[in-house]
Amino acid sequence: MRVHAPALARIRAAAHRIDAATPSGRDRSVDALRAFAILGVVLGHWLVTALVAGAHTGSHATLHTASPLHFMPWLTPVSWVFQTLAVFFLVGGHVATRSYASAQARGTTYRRWLRARLSRLFKPAAAVLALWTTAAVALLLTGADPNTVRTLVKLALSPMWFLLVFAALTAATPLLTRLNPLWPLAVVLHVDLLRFGLGAPGWLGWLNLPAGWLVPFTLGAAWTRGELDRRRAGWLLLTGGAAATAALVAWAGYPASMVGVPGEAVSNLDPPTLAVVTFGLAQCGLALLLRDRLAHAMRRPWAWAAVALVNLSAMTIFLWHQTALMATTATGLLAGRLPGLHTLPDGLGWVAARLAWLPVFALALAVCWAAFRGFEHGPRRPANRPSRVVRVHRGERRAAQRRPHGV
């Protein structure tokens, strides 16, 4: 304890500094919801994505993806807990509409506002694209199996679809500030009726990619307008969304898993289906109901400091978490086929081993964060210049005029 006491004291002091530097008017529950949504996606991918080692091609082992949800369907509730993208789009819509209104009040042009918001999305993405383009070329030149390279690149770049959709919705914010969420929900409903009920071509489902995530995004805009402030709205979304999802799974043949499962004919997520959208409504309702408790929890300096740090690097964490998993998997191959890392996810032994690997994935992600966080934040700030999440409080009036931060 004596050895660690100074370090703990420094961490505690840093947490209190972050807490004290945060404007009193900031809604910390919004940041908490964003942090939980990002971490939910990360943990979900780490738990349900397995890279199974096969035969060797030259000096390289082949790898293919597998999912424990395919071999152990009873793990399906894991996808209900960790598929949290709807909450991220809810918060994104809320923050974007508030930010745009604030920019208008300050006289900031739309182009300048949009450039500032999108730069934090695409600068980190450029680093991921550059690294994986180089890695893919190097692997192919050294004789790696093309299918393995394709698998790795697909996993590494899979978060990019999110960025494109989120960027498009952010760019359309001025048009979406008054849009009722029932309109995009109706689009999703009719697309699913056409492709599942009337035999329309499968490509029609990709219309649900923007429409499906537009539902929680416009819910965020409704939150900004004050239409979701009453707890009744949260309960209506939670109960109505949960009941609709249960009915769709039980009687309409939708998969119970809220993520794609290799080998299944239909994925709820790729592209989004009506079931994943109604499930997202339930998640948004729960998020709204938890706001007061989260705001209370965020009064603790330790909790707020952790949430603030996650928000500062949300895009870096999101974009590099799959790379962290793959880097750990590739390094582990030097020691042979390791349980929970390279083996088939077909039993409780794999689950226990995978849980033990989570801290290693987190360590690898921390290395990626240290190496690439500069792409999200830009040049290192002077010591006397605070971040955009935590700003020095210089008076209530000035703090209230600052633009709320969002990813």
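**Figure 1. Elements and residues that line the largest pocket of the predicted model.** At least two lining residues of the largest pocket come from each of α2 (28-48), β2 (60-66), α4 (77-82), α7 (146-157), α8 (160-171), α10 (182-197) and α16 (314-332). Helix α2 gives the largest share of this lining, five residues. The largest pocket has a volume of about 1200 Å³. It is lined by 42 residues, and those closest to the pocket centre are His45, Ser158, Gly260, Leu269 and Asp270. By residue class, the lining of the largest pocket comprises 22 nonpolar, 15 polar and five charged residues.

**Figure 2. The cis peptide bond between Asp270 and Pro271.** The peptide bond that joins Asp270 and Pro271 is cis, with omega of about 5°. Pro271 lies in the loop between α12 (231-251) and α13. Asp270, the partner of Pro271 in this bond, is also among the residues closest to the centre of the largest pocket.

**Figure 3. Packing of helix α5 on helix α11.** Helix α5 (residues 85-106) packs with helix α11 (residues 208-224) at an angle of about 45°, and their axes are 7 Å apart. Helix α5 is therefore oblique to α11. The crossing of these two helices, α5 and α11, is right-handed. On the α5 side, the contact with α11 is formed by Leu85, Ala86, Phe89, Leu90, Gly92, Gly93, His94, Ala96, Thr97 and Arg98. On the α11 side, the residues that meet α5 are Trp213, Pro216, Phe217, Leu219, Gly220, Ala221, Trp223 and Thr224. The residues of the contact of α5 with α11 comprise eleven nonpolar, six polar and one charged.

**Figure 4. The largest cavity and its lining.** The structure contains one cavity of 30 Å³ or more. The space in the largest cavity amounts to about 40 Å³. Its lining consists of Ala86, Gly212, Trp213, Val215, Pro216, Val276, Val277, Gly280 and Leu281. Two or more of the lining residues of the largest cavity come from each of α11 and α13 (274-289). Seven residues of this lining are nonpolar, two are polar and none is charged. Ala86, Trp213 and Pro216 of the cavity lining are also among the residues in the contact of α5 with α11.

**Figure 5. Packing of helix α10 with helix α13.** The axes of α10 and α13 cross at roughly 150° and come within 9 Å. The two helices, α10 and α13, are therefore roughly antiparallel to each other. Helix α10 contributes Leu185, Val188, Leu189 and Asp192 to the contact, and α13 contributes Leu274, Val277 and Leu281. Six residues of the contact of α10 with α13 are nonpolar, none is polar and one is charged. Val277 and Leu281 of this contact also take part in the lining of the largest cavity.

**Figure 6. Packing of helix α7 with helix α16.** Helices α7 and α16 pack at an angle of about 145°, with 7 Å between their axes. In α7, the residues Leu152, Leu155 and Ala156 meet Leu319, Gln322, Thr323 and Met326 in α16. The contact of α7 with α16 comprises five nonpolar residues, two polar residues and no charged residues. Both α7 and α16 are also among the elements that each supply at least two residues to the lining of the largest pocket.

Conventions:
Residues are numbered from 1 along each chain as its sequence is written. This is a predicted model: local features need pLDDT of at least 70, side-chain atom pairs count only at pLDDT 80 or more; totals for chains, interfaces and linings use all residues. Side-chain values use heavy atoms; hydrogens and water are left out. Axes are lines fitted to C-alpha atoms, for helices over the stretch in contact, and angles run from 0 to 180 degrees between N-to-C directions. Helices (H or I, at least four residues) and strands (E, at least two) are DSSP runs, numbered from the N terminus. Angles under 35 degrees count as roughly parallel, over 145 as roughly antiparallel, 65 to 115 as roughly perpendicular and the rest as oblique. A crossing is left-handed if the near helix is turned anticlockwise from the far one by less than a right angle, and right-handed if clockwise. Contact means heavy atoms within 4.5 Å. Ala, Val, Leu, Ile, Met, Phe, Trp, Tyr, Cys and Pro count as nonpolar, Asp, Glu, Lys and Arg as charged, and the others, Gly among them, as polar. On a 1 Å grid over the protein atoms alone, a cavity is a set of points where a 1.4 Å probe fits but cannot get out, and a pocket is an open set with protein on both sides within 12 Å along at least five of seven lines; lining residues have an atom within 4 Å of a point. Grid points are joined across faces, edges and corners, and a volume is the space filled by probe spheres set on the points.
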